[in-house]
Amino acid sequence: TFLVMALSFVVSFLSLHGQLRPWPATLPQGLLSLGIADELHYGPNSTARFSVDYGRLTEAAPAAVLYPSSPDDIAALVRFSYASPRPFVIAARGHGHSTRGQAFAPGGVVVDMASLGRGRRTRRHDRINVQLDDVHRIRYVDVGGEQLWIDVLRETLEHGVAPCSWTDYLYLTVGGTLSNAGISGQAFRHGPQISNVHELDVVTGKGDMVTCSRDVNSDLFYGVLGGLGQLGIITRARIAVEPAPERVRWVRFIYTDFGSFINDQELLISISSEGFDYVEGQLLMENGAAKNSSFFSERDSEKIKALAAELGAIYFLEGAIYYELATASLVDQKLKLLLKKLSFVPGFAFTKDVSYLRFLDRVHQDEIKLRPMGLWDVPHPWLNLFVPKSRMRDFETGIFRGILIENDTPMATVLISPMNKSKWDEKMSATIPDEDIFYAIGILRSATKGDWKHLDDQNDEILGFCNHAGIEFKQYLPHYTTQADWKKHFGLKWDRFVQLKRRYDPKALLSPGQQIFTTSL
Ligand code: FAD
């Protein structure tokens with residue numbers, strides 16, 4: 001009886017941890033003797049979720065998943081791999097909202113960052129700490145790299161403050177967006193999210209835990225921001241906050257003329273405090289996403305669609321003015337003055353008045369609408385480009401009125417947002433075009449019928465057009481598969497990036513899904 005009981009205990013213990021399967025051949029057995037062994041799960045049931053991402057374009061299974069309960073657990077894993085004669089790759093996975101497998105670790109270990117915020121030793125609120133001391137002008141929030149921006153927003157709002165720079169969609173992690181840049185309509189004034197960070201805690205590719213800032217270990221600090229997960233895993237970020245506005249006047253103006261549309265965008269990003277607090281824009285095609293947007297009423301949406309049908313493509317400029325309830329009357333005045341300067345189609349100005357939280361969380365409203373229609377969890381062959389201002393007209397002719405209109409696809413959102421280069425820090429790893437103003441263009445298409453290859457072919461056609469026309473674009477959320485292409489992408493920053501990689505992740509263990517470094521340096 002004792003033997004049967006002992007055996008069944010062992011079986012249930014092992015199956016609880018998914019360990020009844022043979023240990024993965026690509027991982028050293030020695031991992032099982034580490035203190036983190038019970039946080040390592042393997043076998044297809046454990047790894048399936050980590051073998052796909054939001055893009056649904058590609059799949060690759062890790063050998064195991066680590067559910068860390070503290071940053072030390074991540075450091076222990078990386079240190080072990082670094083010291084091992086058989087090192088294995090490791091990828092932090094934030095919310096898995098990459099589209100090309102950037103958070104995959106084929107044959108290695110994926111670190112489920114979310115588990116830091118729900119581990120035995122931590123709760124979410126332990127990992128979002130607001131610090132305010134107006135006497136010493138201290139205003140920041142310390143957040144775990146695994147935290148979703150929506151949670152950062154909710155927590156900071158409780159203290160009457162919030163970060164200034166956002167992404168359009170908030171169900172992304174702090175570590176995931178800081179590894180890219182983090183952009184939305186506030187970036188023209190505050191810079192991307194990476195420009196609003198004071199300090200980071202990072203686990204390097206050697207397993208060292210390093211705190212870095214502009215003054216301390218600054219090479220790592222600048223390298224990690226926009227560094228595509230190549231130099232370290234961000235476990236904490238100190239982010240600047242400002243008093244949060246209560247309300248937002250949210251507006252959209254329709255343009256039929258591309259020149260007027262971008263002139264107005266550029267005018268708006270040149271005005272400081274008297275202008276909009278947020279500026280973006282979109283291309284609207286006849287079958288585009290306006291009909292699924294939660295902004296336009298059914299009636300307005302029909303009116304806009306009719307105009308788009310007549311002209312093939314139209315544009316809307318999107319702006320927002322933040323304000324306090326106590327000064328609400330001034331908003332109308334401010335908006336009236338701004339409207340006088342703009343050249344949108346008369347009768348095609350639409351406004352909404354919402355809370356700050358509702359405004360920032362707007363894309364989630366669309367998600368809630370699209371999910372039950374089966375239009376969210378579909379393949380997403382997205383293409384994001386930074387295009388210099390001087391080439392926007394060529395881009396319009398060749399892409400907006402060319403490739404995209406000719407191949408009109410339903411469920412396309414095409415974002416066109418102006419950025420000021422001066423708000424980006426040249427020392428950081430993120431790469432942008434060399435022009436004072438450039439545009440972030442997101443060609444965000446969903447393959448609703450599962451067939452995405454033809455859309456990806458069009459993406460290649462778009463890149464081909466830009467290359468042929470000599471447009472000095474940069475990919476945002478870049479996807480390349482050869483080192484020659486990565487070298488071209490990083491341009492003048494490449495040699496420095498390689499140097500940093502050699503210093504902080506010489507065995508090329510981290511974020512292999514980016515496909516930048518495939519061998520030790
Ligand atoms: P993941 O996909 O999990 O990881 C991305 C990369 O970062 C991987 O290489 C991973 O290994 C690495 N990584 C993850 N966590 C860490 C960490 N803690 N430390 C170091 N490396 C890490 N981007 C914008 O800038 N603006 C937008 O408005 C915007 N909107 C989006 C809307 C949607 C619906 C989607 C799907 C994406 C959007 N993105 C936007 C892109 C998004 O910022 C990136 O895809 C980002 O990487 C996703 O974050 P994640 O937490 O899901 O990262």
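Predicted model: local features only at pLDDT ≥ 70, side-chain atom pairs only at ≥ 80, totals over all residues.
**Entry 1: overall build**

I started with the whole chain. I counted 17 helices and 19 strands in the protein chain. Next I looked up how compact the chain is. Its radius of gyration is 24 Å, close to the 24 Å that the globule rule gives for 521 residues, so the chain is as compact as a globular protein of that length. Along the principal axes, I got a C-alpha trace spanning about 85 × 55 × 50 Å.

Then I checked burial: 45% of the 521 residues are buried. I also looked at contacts between residues at least 6 apart in sequence, and 74% of these join residues at least 24 apart.

**Entry 2: domains**

How is the protein chain divided by the domain assignment? I found domain 1 at 2-113, domain 2 at 124-243 and domain 3 at 247-475.

I wanted to see how domain 1 and domain 3 meet. Their C-alpha centres lie 40 Å apart, and five residues of domain 1 are in contact with six residues of domain 3. On the domain 1 side of this contact I noted two nonpolar, two polar and one charged residues.

**Entry 3: the ligand**

On to the ligand. How many residues surround the ligand? I have 36 written down, and the closest are Gly94, His97, Gly175, Gly176 and Gly229.

I sorted the shell around the ligand by class and got 13 nonpolar, 20 polar and three charged residues. Strand E3 (90-93), helix H6 (174-178) and strand E10 (232-240) each supply at least two residues of that shell.

Why does the ligand lie between domain 1 and domain 2? Both domain 1 (2-113) and domain 2 (124-243) give residues to the shell, so I place the ligand between them.

**Entry 4: the nonpolar core**

Last stop was the largest nonpolar core, which has 126 residues. Ile90, Val109, Val111 and Val387 have the most contacts inside this core. Strand E14 (residues 313-323) gives the core its largest share, seven residues.

Notes: Residues numbered from 1 in each chain as written. Near = placed C-beta within 6 Å. Helix = DSSP H or I, 4+ residues; strand = E, 2+ residues; numbered from the N terminus. Nonpolar A, V, L, I, M, F, W, Y, C, P; charged D, E, K, R; others polar. Domains from an automatic or database assignment. Core = buried A, V, L, I, M, F, W, Y, C linked by C-beta atoms within 7 Å. Buried ≥ 20, exposed ≤ 12 C-beta atoms within 10 Å, placed from the backbone. Contact = placed C-beta atoms within 7 Å. Rg over C-alpha atoms; globule rule 2.2 N^0.38 Å.
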